[in-house]
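Look through the sequence and the 3D structure below before reading on. The text then takes up charged pairs, nonpolar cores, helices and aromatic rings in turn.

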Amino acid sequence: MSNGQNGAVVVARDVTRRYGEGDTAVDALRGVTVDIAPGKATALMGPSGSGKSTLMHILAGLDKPTSGSVDIAGTEITTLGDNDLTKLRREHIGFVFQFFNLLPMLTARENILLPLTIAGEKPDDEWFGQLVRDVGLEDRLSHRPSELSGGQQQRVAIARALVSKPTVLFADEPTGNLDSATSAEILELLRRSVEEYGQTIVMVTHDARAAAVAQRVLFLADGSIVRDLGDCDAHTIHSVMEELAAA
Ligand code: ADP
């Protein structure tokens with residue numbers, strides 16, 4: 001893995017993002033500077049409209065900043081063309097979404113292997129076997145998404161995101177569509193991927209319990225990072241959320 005200066009896997013400097021132009025322009029990000037350290041989970045929190053999704057999309061190379069720079073795994077993305085950006089994402093980025101985004105006509109096995117299939121790569125059988133065991137899907141591989149529970153579908157999505165050993169796993173409200181017991185299982189899985197595989201995770205969430213799994217919690221308000229906390233419990237995160245909502 002090639003990292004930027006200071007060992008960070010994603011580096012954003014003075015990032016702004018403006019949507020639209022003139023009177024109707026919206027400044028979704030107003031100068032964000034952040035380094036994402038490897039082997040840790042970072043949670044992005046903040047009220048609706050604060051810029052979390054915009055920042056995540058930019059850090060993941062799905063969108064480019066209006067100004068500022070973003071370096072993903074040692075490559076500055078602002079000057080990359082679309083093909084190179086797609087290639088960089090394929091090599092370095094995995095995604096997990098709130099609504100799983102599995103392909104309904106494919107089995108769990110085919111969904112998990114899809115990123116490799118698209119890239120024309122062969123799976124590493126040992127890694128695939130370990131991943132499937134770790135996410136607890138060994139006896140569900142031939143099922144289609146409609147035959148799986150929400151939690152099982154999210155496990156498939158997590159395995160799909162991890163199968164190519166991405167530099168960073170981005171998760172967008174990964175527990176937002178799950179009940180609390182299932183959310184706890186999915187969070188435990190994400191926590192273990194950090195601990196056991198050294199996976200780097202960036203997760204957007206509204207849920208203090210989800211953010212508590214992270215080793216770092218960034219709070220956005222009105223397009224800026226307003227708080228940057230280390231490892232903390234759900235209670236502390238909740239208090240900061242309330243404090244910021246009242247500000
Ligand atoms: P969050 O994820 O914290 O809810 P977003 O990043 O989605 O925040 O949005 C930040 C701001 O940018 C909001 O004011 C939102 O309305 C605006 N915004 C987001 N996407 C677009 C878009 N495609 N076009 C115009 N405005 C947008």
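In this predicted model, Glu188, Arg191 and Glu195 are joined in a network of salt bridges. Side chains of opposite charge can pair when their charged atoms come close. Across the whole structure, a search finds 13 salt bridges.

One of these salt bridges is formed by Arg30 and Asp222, whose closest N and O atoms are 3.7 Å apart. This pair links distant parts of the chain, 192 residues apart: Arg30 belongs to strand β2 (residues 26-36), while Asp222 is in the loop between β9 (216-221) and β10 (224-229). Are the two partners buried or exposed? Arg30 has a relative accessible area of 45% and is partly exposed. Asp222, with 51%, is exposed, because the cut-off for exposed is over 50%.

Another salt bridge joins the side chains of Asp228 and Arg216, at 2.8 Å from N to O. Asp228 is in strand β10 and Arg216 in strand β9, so the pair ties together parts that are 12 residues apart in sequence. Arg216 counts as buried, at 17% relative accessibility, whereas Asp228 is partly exposed, with a relative accessible area of 45%.

A salt bridge can also be found within one helix. Lys87 and Glu91 both lie in helix α2, 4 residues apart, which is about one turn of the helix. Their closest N and O atoms are 3.9 Å apart. Glu91 counts as partly exposed, at 45% relative accessibility.

Helix α2 covers residues 82-92, and Leu85, Leu88 and His92 in this helix are buried. Seen down the axis of α2, the buried residues fall within an arc of 60 degrees, so they line one face of the helix. They pack against β4 (67-72), β5 (75-76), β6 (93-96) and β7 (168-172). The face turned away from the buried side carries the exposed residues Asp82, Asn83 and Lys87.

Next come the nonpolar cores. The largest has 46 residues, and Ile112, Val217 and Ile237 are those with the most contacts inside it. Helix α5 (residues 150-162) gives the most to this core, with 6 residues. A second, separate core has 29 residues, among them Val15, Val34, Leu59 and Leu88.

Ile112 is one of the buried residues of helix α3 (residues 108-119), as are Ala108, Asn111, Leu113, Leu114 and Leu116. The elements that cover the buried residues of α3 include α4 and α5. Leaving out residues up to four places away in sequence, Ile112 touches Phe128, Val132, Leu137, Leu141, Val156, Ala159, Arg160 and Val163. Just after α3, Gly120 takes a positive phi of about 70 degrees.

How many aromatic pairs does the structure hold? There are 3 aromatic pairs. Phe95 and Phe97 form a stacked one, 5.7 Å centre to centre and with 15 degrees between the planes. Phe95 is buried, with a relative accessible area of 16%, and Phe97 counts as partly exposed, at 28% relative accessibility. Trp127 and Tyr197 form an edge-to-face pair, 5.0 Å centre to centre and with 75 degrees between the planes. This pair links distant parts of the chain: Trp127 is in helix α4 (residues 125-134) and Tyr197 in helix α6 (residues 180-197), 70 residues apart. Trp127 counts as buried, at 11% relative accessibility. The charged end of Lys165 sits over the ring of Trp127, 4.9 Å from its centre.

How values were computed:
Residues numbered from 1 in each chain as written. Predicted model: local features only at pLDDT ≥ 70, side-chain atom pairs only at ≥ 80, totals over all residues. Heavy atoms only, no water. Phe/Tyr/Trp six-rings, centres within 6.5 Å; stacked < 30°, edge-to-face > 60°. Buried < 20%, exposed > 50% of the residue type's maximum accessible area, 1.4 Å probe, protein only. Helix = DSSP H or I, 4+ residues; strand = E, 2+ residues; numbered from the N terminus. Lys NZ or Arg CZ within 6 Å of the ring centre and 35° of its normal. Core = buried A, V, L, I, M, F, W, Y, C linked by side-chain atoms within 4.5 Å. Contact = heavy atoms within 4.5 Å. Arc of directions from axis to C-beta. Salt bridge = Lys/Arg side-chain N within 4 Å of Asp/Glu carboxyl O.
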